[in-house]
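Please read the sequence and the model below side by side. The paragraphs that follow lead from a single residue to the helices and back to the chain.

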Amino acid sequence: MITRILSGASFGVMAAWVGIMGLASAEPALGVVDEPPAITVLVANYSQASPAVLAAAEREAGRILGQAGLRTSWLECSVGPSGVSLGDPCQEAPAANGIRLRILPAPVLDKFQDSVFGFAVHPLLASVYYEFALRRAKRDDAEFELPIILGCVMSHELGHLLLGSNSHSDKGIMLPRWEVNQVRQLMMGTLLFTPDQARLIRLEAQTRTKSQRDTRTSISLTP
Ligand SMILES: [Zn+2]
């Protein structure tokens, strides 16, 4: 059952995005308007994360991806034995620009490194560990950090799906290991994708969206 649809882009991000698309539209249009770079994330929450925490984490992940010029829509899926319901987006094959994201409990590990964030199975499935974010926030005695950390971890794993293999970098949100500096940046909202990563993310989302549009077109033109 779809319980909520959120757009992750803030007004400021939307303004930046409009600026990006404004530049793109300066090229000859030839009657064809490119789809804006966008993804839809189907979220299945198997953890104890509350709807409020999850919504805040989605807003944070949407903001980070928005800073990279990507629009993100979030669809909540039903989970559990009685969760199958008519219209549940997780019961259907995702759209070409759709990605599945699972919020799972965490294995017990101590280090603040990638293996405790979660994992991604290219190109469509990302998983993050809720309890890792919770434990980290509790360690700082600052539970308000929880949705921020969870949102950053979500962005990191979604980044793996959109950037392909070997997508770790030596700075920004795709660092494989987050030290004190990264946690500080994360809380300041400045742990982001690099400009090169942002460009690749937009390109990948546009490619996925275009492949969906071309599929639709080819179906409609088939005699
Ligand atoms: Zn990683």
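Is Asn45 buried or exposed? In this predicted model, Asn45 is buried, because its relative accessible area is 17%, and the cut-off for a buried residue is under 20%. The residue belongs to strand E2, which covers residues 38-45. Two polar contacts of its side chain can be followed in the structure: one joins the side chain of Asn45 to the side chain of Ser47 at 2.7 Å, while the other reaches the backbone oxygen of Ala49 at 2.9 Å. Beyond residues up to four places away in sequence, Asn45 touches Leu54, Val79 and Ile103.

Of the 223 residues in the protein chain, 46% are buried. Among contacts in the protein chain with a separation of 6 or more, 71% are between residues 24 or more positions apart.

Ala55 counts as buried because its relative accessibility is 10%. The C-alpha atom of Ala55 lies 8.2 Å from that of Pro147, although 92 residues separate the two along the chain.

Helix H2, which spans 51-67, is also one of the elements that cover the buried residues of helix H6, and the others include helix H4 (130-139) and helix H5 (146-163). Within H6, which runs over residues 180-188, the buried residues include Gln182, Val183 and Leu186. Viewed down the axis of H6, its buried residues fall within an arc of 100°, and they therefore line one face of the helix. Val180 and Met188, by contrast, are exposed on the other side of H6. Just after H6 comes Gly189, which takes a positive phi of about 80°.

A packed pair of helices is described by the angle between their axes and the distance between the axes. For H4 and H5 the angle is about 140°, and their axes are 8 Å apart. Why are H4 and H5 described as oblique to each other? The angle is about 140°, and roughly antiparallel would require an angle over 145 degrees while roughly perpendicular covers 65 to 115, so the pair falls in the remaining class and H4 and H5 are therefore oblique to each other. Their crossing is right-handed. On the H4 side, the residues that meet H5 are Tyr130, Phe132, Ala133, Leu134, Arg136 and Ala137, and they meet Leu146, Ile149, Leu150 and Val153 in H5.

The last stop is Arg208, which is found in helix H7, a helix of residues 195-221. Arg208 counts as buried because its relative accessibility is 8%. The side chain of Arg208 makes a polar contact with the side chain of Glu204 at 2.7 Å. When residues up to four places away in sequence are set aside, Arg208 touches Ala96, Asn97, Gly98, Ile99, His122, Pro123 and Leu124, as well as Leu161 and Leu162.

Notes: Residues are numbered from 1 along each chain as its sequence is written. This is a predicted model: local features need pLDDT of at least 70, side-chain atom pairs count only at pLDDT 80 or more; totals for chains, interfaces and linings use all residues. Side-chain values use heavy atoms; hydrogens and water are left out. Helices (H or I, at least four residues) and strands (E, at least two) are DSSP runs, numbered from the N terminus. Buried means under 20% relative accessible area, exposed over 50%, partly exposed in between (1.4 Å probe, protein chains only). A polar contact is a pair of N or O atoms within 3.5 Å; within protein, one must be able to donate a hydrogen and the other to accept it, and residues adjacent in sequence count only if both atoms are side-chain atoms. Contact means heavy atoms within 4.5 Å. The arc is that of the directions from the helix axis to the C-beta atoms. Axes are lines fitted to C-alpha atoms, for helices over the stretch in contact, and angles run from 0 to 180 degrees between N-to-C directions. Angles under 35 degrees count as roughly parallel, over 145 as roughly antiparallel, 65 to 115 as roughly perpendicular and the rest as oblique. A crossing is left-handed if the near helix is turned anticlockwise from the far one by less than a right angle, and right-handed if clockwise.
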